[in-house]
Amino acid sequence: MTRQRILTGDTPTGNLHIGHWVGSVKRRVELQSQHDCFFLIANLHAYTTRAGDPEAVHQDCIEVARDALAMGVDPSKAAIFVQSEVPALAELTYLFAMLLPFNRVMRNPTLKDELQVKGLADTYSFGFPLYTVGQTADILAFRAHSVPVGEDQVPHLELTREVARRFNKMYCGVADKAEDEDHEQLGGVFPVPVADVGTVGRLVGTDGQNKMSKSLGNAIHVIDTPKQVKKKIGKIYTGQDSRQPTDPGIIDPEKNPLFQYLDVFVEDEATKADIRDRYQRGDNIGDGEVKMLVADAINTLLDPMRARRTAYEDDAVVLKVLREGTARAIEATEETLAMAKQAAGTGFFPRTISI
Ligand code: TRP
């Protein structure tokens, strides 16, 4: 397998939880050994809705980085960096915005969804839709081949692919009919990147209703103590009343968090099958037994993360990691930016940037 360049990122939301682990961080920890990985903390992106909350966004960047490090992202392998400190990203956003029809930007189902869910109707900032163009720059600035993301990000990847194709055709002489895979070889600055969509996207929260999310208060965090984990699992409502031996609903993982957690966090297949079987038959097994098993499994997962986290308790240590990661991101993106400016006619003078 050839080494690829991989870029992915998150909007900083504060402390990470086991939903983040299952949905994205676990995969990143696997990828970092085989590929050149860049993990972006999209703080400018957070300003789409939190521009009035600068201190909180600033601190959230540090918390996200600390928890990612606790979960096993290794700064000697992957670069973790802050979006706002990498100037090429903003510069490419400006240039790419010129290549995209306004109506094309607005015709993005994820963007439309967000505007609706957040109730922004016609009060959203100019920067809100612009973030999608910013995301194309985040990816292309690294000339990334692959972008591990959740399903909801696929429309942004499609936009990114369009920008890459258009740029390469407009400024690099890549032929109109060229295949996506051939763009770089034909002289295009940008590879046309692919979305690497994860399979386990959605971990249900301890409320058994919604996706696990910090803001809904239904999350289990890396910073939770073993006791807190036991307590949160203990409180899960499993729909006891509706439990019938013939009712398959109760073991539908989407409806019963306990069984999704059993699937995801308990490793021993025989144990899982046995519990499922006995529970379904209404055999002599209570929620308590399953809950204990699940809480233990989650604590087994979190234990090494808790241990690693102690090395990063000091903000200064996290900031040092971010600084080194950001320096590597600047180096990679300045190279791309110079190539892009040269191709697009906006380059005049070479420059170096250091932090
Ligand atoms: N849109 C992503 C999110 O909200 C964050 C993000 C910004 C991103 N830039 C990116 C993800 C580039 C992947 C690649 O989660």
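Visitor: Across the interface of domain 1 and domain 2, how many residue pairs are in polar contact?
Guide: This is a predicted model, where local features need pLDDT of at least 70, side-chain atom pairs count only at pLDDT 80 or more, and totals for chains, interfaces and linings use all residues. Residues are numbered from 1 along each chain as its sequence is written, and side-chain values use heavy atoms, without hydrogens and water. A polar contact is a pair of N or O atoms within 3.5 Å; within protein, one must be able to donate a hydrogen and the other to accept it, and residues adjacent in sequence count only if both atoms are side-chain atoms. Across this interface, with both residues at pLDDT 80 or more, the rule finds 1 residue pair.

Visitor: What does the side of domain 1 that touches domain 2 have by class?
Guide: Helices α1 (18–31) and α3 (54–71) each supply at least two residues of that side. By class, that side has 1 charged, 1 polar and 7 nonpolar residues.

Visitor: How much area do domain 1 and domain 2 bury between them?
Guide: Buried area is the accessible area (1.4 Å probe) that two parts lose on being put together, summed over both. Of the area here, 71% is on carbon and sulfur atoms. The total is about 840 Å².

Visitor: Which residue has a side-chain N or O atom 2.7 Å from a nitrogen atom of the ligand?
Guide: T11, L40, Q135, D138 and Q153 come nearest of the 13 residues around the ligand (a heavy atom within 4 Å). For Q135, a polar side-chain atom lies 2.9 Å from a ligand nitrogen. For Q153, the distance is 2.9 Å. The residue at 2.7 Å is D138.

How values were computed:
Helix = DSSP H or I, 4+ residues; strand = E, 2+ residues; numbered from the N terminus. Nonpolar A, V, L, I, M, F, W, Y, C, P; charged D, E, K, R; others polar.
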